[in-house]
Amino acid sequence: ITKAALTVMRQLLLEEEKSGKVTFDIIDDLTIENRVKENVAIPAAALERLKRADVILKGPTTTPQAGDGLPNIESANVAMRRELDLFANVRPVSVPALGIDWTFFRENTEGAYAVGSKGFSVGDSLKVDFTFTTAEGTERIIEAAFAFAKANGKKKVSAVTKANVIKTTDGAFLEQFRKTAEKYASCGISADEWYIDIATAKLLDENRRRDFSVFVLPNLYGDILTDEAAEIQGGVGTAGSANIGKKHAMFEAIHGSAPRMVKEGRDKYADPSSVMRAAGMLLAHIGFAEQARKLDLALEICASEGKFKVTGRPNGATTEQFAAYVSEVASKTNA
């Protein structure tokens, strides 16, 4: 699916690549096999090349889980976000027909995921994992959400926590949210607070979900809620996301890898729309707004026309067929 997105990007940036204004560096050693061989989340050579890149389009990577026989290697995503300090995970979800226009700001470097591989066991009966937050990390993600709302004419920012139960870390997040909300109140931006369980329910409430606009959440809650939101949009295969820091930026699908599809021989039928959405976000981020709009429009056209429908199975189009279709439509579309 990443190769498919690259095909479309190269079509849209044909002249820029010919002139040398844009270059592509294909980093292909983040496979689970390479990472297991070196017993690291990200091989050192790959990390060096990632740090040299201006922007990154990243394909899904596999993270070992308990019981699969692989070593306890940290998630490549978690490691990359930490190493490049990509503190803001930004995920837009839009369904105009349902009145949905949401943007999620998920804290990316702290919380339950930051030390997810560092838990321990006390005998067979007690298992312990950790979560943490810092004042700086909390302040900057909340500030980013409110700054985005101000810059884009959004009128509300919603915090999502479980501060009534997780009182120390989530409580600190909520306390900082209230401080930042006060600072932006004069800009006409309102703020409200939700617990993760009821927020999850309210995204499905047709009478309430239109009221949401910008969300800001700790790491774990943001991961869960954005997958639910993407499902409303059409599935996790339709959504891209941005991982933004002060210096680096990485763009990716919101979903993970699909080893089951590979095992079943269905990988050539995988839907590349999510990574293509991420590619559009990348193009907009580096100043190619027209190309980004063309790609977004092409994806909308190709999804609605249904000439090549991707189902993930042999009864649908292949990834390569759909990529060629999107490239053709994008090249003819007026943004």
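Tutor: Helices (H or I, at least four residues) and strands (E, at least two) are DSSP runs, numbered from the N terminus. This is a predicted model, where local features need pLDDT of at least 70 and side-chain atom pairs count only at pLDDT 80 or more, while totals for chains, interfaces and linings use all residues. Residues are numbered from 1 along each chain as its sequence is written, and side-chain values use heavy atoms, with hydrogens and water left out.

Let's look at strand 9, residues 240-244. Of its 5 residues, 4 are buried (under 20% relative accessible area, with exposed over 50% and partly exposed in between; 1.4 Å probe, protein chains only).

Now for its partners; two strands pair if DSSP finds at least two bridges between them. Strand 2 (residues 88-95) runs antiparallel to strand 9, with 3 bridges joining them, and here valine 90 is opposite alanine 242. Strand 10 (residues 249-253) is also antiparallel to strand 9, over 5 bridges. Alanine 242 has phenylalanine 251 as its bridge partner there, and glycine 240 faces alanine 253. A hairpin of 4 residues links strand 9 to strand 10.
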